[in-house]
Amino acid sequence: MRTAEYRSRSTSPLLSALAALTLLAAACGAGADTDAAESGETLLTTAPSTETEADPGDEAALFPRTVADAVGEVTIDDAPERVVALDQSTLDVALVLGLEVIGHTTYLDPDGPIPPLYGEVGADLAADSVWVGDLLAPNLEKILTLEPDVILTSAVRHESIADELAQIAPTVMTESAGAGWKESLALIGEATGRETAAAEALAAYETRAAAVGAAINAAHGGPTLSVVRFVDVIRLYQPLSFSGIVLSDAGLARPESQQDTDDFITVISEEELALADADWLVYAVYPDENVEAAVAERQAGPLWTSLRAVAAGQAFAVDDGSWMSGVGLFGANAILDDLETIFDVAAS
């Protein structure tokens with residue numbers, strides 16, 4: 001009996017296409033002169049604008065524009081070029097839309113870099129990004145010195161300092177740093193005049209997700225897939241979670257223990273580990289020495305080795321950063337990369 005492990009592919013065709021869309025969006029902006037934890041996964045209720053978008057090559061014609069975000073209204077006078085992203089979910093959107101990121105936070109990683117999840121796009125558009133503090137306590141003075149055109153974050157993270165941020169630059173606050181990631185993409189696309197780029201990137205991902213799921217279901221007879229995360233407790237991830245939404249978009253079935261439509265996780269005890277079982281199982285381990293040691297001990301015990309997914313060699317370790325913290329299109333496509341590898345299908 002074993003637990004299977006693998007390395008996910010670094011670049012997929014879809015991510016390459018996403019990178020191309022990103023570079024195109026960045027090019028349009030230049031011609032006009034003119035990115036922890038998954039807490040607070042609530043749904044965003046702000047509807048995207050129905051306003052007809054102007055010629056993307058003429059961004060100046062799109063501004064000024066006022067949009068309704070999670071805490072009120074924000075007006076952006078000119079097409080933004082310099083962005084500070086205070087949450088990884090908004091960093092993701094900025095990079096998808098081809099916006100230059102000049103400042104970012106990290107979670108419990110002082111002076112940490114842009115996560116490797118963003119690959120070449122992050123290396124390009126955030127090459128000079130400055131660390132502006134921890135996610136839970138951004139450094140306002142440091143942000144001020146960067147002179148950003150716009151600040152992107154979520155209300156669940158930084159509503160308490162919304163007024164201070166707005167004094168530095170127009171600040172767009174999404175409702176959520178989690179399950180509302182698609183709505184966050186639409187909102188920031190609206191605010192920055194890049195609705196078309198946002199819609200096209202989301203549509204490309206959703207098309208790919210459906211194709212990946214169809215290939216898995218065809219090859220493996222519609223298997224159930226369990227998503228588990230080991231932190232200081234054991235969590236089962238429900239359909240409302242980020243990874244749950246991606247699996248739903250792919251049309252993949254979940255076990256009975258992961259059908260809750262009211263919360264994004266269920267916490268179980270070690271004695272309840274059987275609830276984590278399914279035909280296939282993926283698990284993420286929070287990067288902490290104590291957590292990793294506890295997981296290694298559990299995996300040597302009978303409660304883990306007796307799981308049918310483990311016994312069948314169908315339990316796989318996945319990256320905590322992409323499955324749990326990579327809330328956005330880059331993370332979603334990384335999950336699809338992993339699914340193609342785990343189930344040995346090629347749908348994209």
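In this predicted model, helix H14 is largely enclosed by the rest of the structure, because 13 of its 14 residues are buried. Buried here means under 20% relative accessible area. H14 covers residues 329-342. At 1.5 Å a residue, a helix of 14 residues should span 20 Å. Just after H14 comes Asp344, which takes a positive phi of about 55°.

Strand S5, residues 130-134, is also described by its burial. Four of its five residues are buried, so S5 is largely enclosed by the rest of the structure. S5 pairs with strand S4, which covers residues 100-106. The pairing is parallel and rests on three bridges. Within this part of the model, His104 stands opposite Trp131 in S5. The path from S4 to S5 passes through helix H3, residues 119-125. This β-α-β crossover is right-handed.

S5 also pairs with strand S6, residues 137-138. Here the two strands run antiparallel, and two bridges join them. Gly133 stands opposite Pro138 in S6.

Taken together, S5 has a parallel pairing with S4 and an antiparallel pairing with S6.

Methods
Residues are numbered from 1 along each chain as its sequence is written. This is a predicted model: local features need pLDDT of at least 70, side-chain atom pairs count only at pLDDT 80 or more; totals for chains, interfaces and linings use all residues. Side-chain values use heavy atoms; hydrogens and water are left out. The expected span of a helix is 1.5 Å times one less than its number of residues. Buried means under 20% relative accessible area, exposed over 50%, partly exposed in between (1.4 Å probe, protein chains only). Two strands pair if DSSP finds at least two bridges between them. A crossover is right-handed if, with the strands pointing away from the viewer, the path from the first strand over the helix to the second runs clockwise.
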